[in-house]
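Please look through the sequence and the model shown here before reading on. The report that follows takes up a few places in turn.

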Amino acid sequence: MIQEPSTRGDMPNIVNLAIKMNNTATAEACALCGAPLAMLAGPALFLADSWAPVCRDCGARYAPELARMLGLGGLYDCPDAIPF
Ligand SMILES: [Zn+2]
């Protein structure tokens with residue numbers, strides 16, 4: 001049995017991000033690079049274990065899948081989605 005090398009979990013500078021619903025429009029700074037952020041109410045990227053916001057550039061670098069979902073405008077904005 002061939003063991004695949006682990007690509008997650010043991011990297012020294014891995015950053016866990018999450019999409020969370022931001023319910024207040026505020027001015028914040030990116031938790032990773034410090035860039036000023038104008039937060040709108042709605043889905044946005046945050047550090048997974050806090051409400052520290054993350055900018056799109058850092059999102060694209062550390063969590064490209066999540067950044068792409070936000071860029072598409074939402075989880076249900078998919079051409080294959082079943083209409084409901
Ligand atoms: Zn940033």
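Which residue in S3 stands opposite glutamate 28? The residue opposite glutamate 28 is leucine 37 in S3, where strands are DSSP runs labelled E of at least two residues, helices are DSSP runs labelled H or I of at least four residues, and both are numbered from the N terminus.

This is a predicted model, in which local features need pLDDT of at least 70 and side-chain atom pairs count only at pLDDT 80 or more, while totals for chains, interfaces and linings use all residues. Residues are numbered from 1 along each chain as its sequence is written. The confidence that the predictor assigns to each residue is called pLDDT and runs from 0 to 100; in the protein chain it averages 80, and 69% of the residues score at least 70. Where pLDDT is low, the predicted coordinates should not be read in detail. Among the helices and strands of the protein chain, mean confidence is lowest in helix H2 (residues 64-71), at 87, and highest in strand S1 (residues 17-22), at 94.

The protein chain contains two helices and four strands, and along the sequence these follow the pattern β-β-β-β-α-α. Strands S2 and S3 run antiparallel and are joined by four bridges, two strands being counted as paired if DSSP finds at least two bridges between them. They form a hairpin with six residues between them, and in the turn glycine 34 has a positive phi of about 80 degrees.

Threonine 26 is found in strand S2 (residues 26-29), whereas proline 36 lies in strand S3 (residues 36-39). A residue is called buried if 20 or more other C-beta atoms lie within 10 Å of its own, exposed if 12 or fewer do, and partly exposed in between, with C-beta atoms placed from the backbone. Threonine 26 is exposed because it has 11 other C-beta atoms within 10 Å, and proline 36 is exposed because it has 9. Apart from neighbours within four places in sequence, proline 36 is in contact with Ala27 and Ala29, contact meaning that the C-beta atoms of two residues, placed from the backbone, lie within 7 Å. Arginine 56, in helix H1 (residues 56-62), counts as partly exposed because it has 15 C-beta neighbours inside 10 Å.

| Pair | Apart in sequence | C-alpha to C-alpha |
|---|---|---|
| Threonine 26 and alanine 41 | 15 residues | 8.4 Å |
| Proline 36 and valine 54 | 18 residues | 9.9 Å |
| Arginine 56 and glycine 71 | 15 residues | 9.0 Å |

Buried residues make up 13% of the 84 residues in the protein chain. In soluble globular proteins, nonpolar side chains tend to be buried together. A nonpolar core is a set of buried Ala, Val, Leu, Ile, Met, Phe, Trp, Tyr and Cys residues joined through C-beta atoms within 7 Å, and the largest one here has nine residues, among them Leu17, Phe46 and Val54. Strand S4 (residues 42-47) gives the most to this core, with three residues. Leaving aside neighbours within four places in sequence, the contacts of leucine 17 include Leu45, Phe46, Val54 and Ala63.
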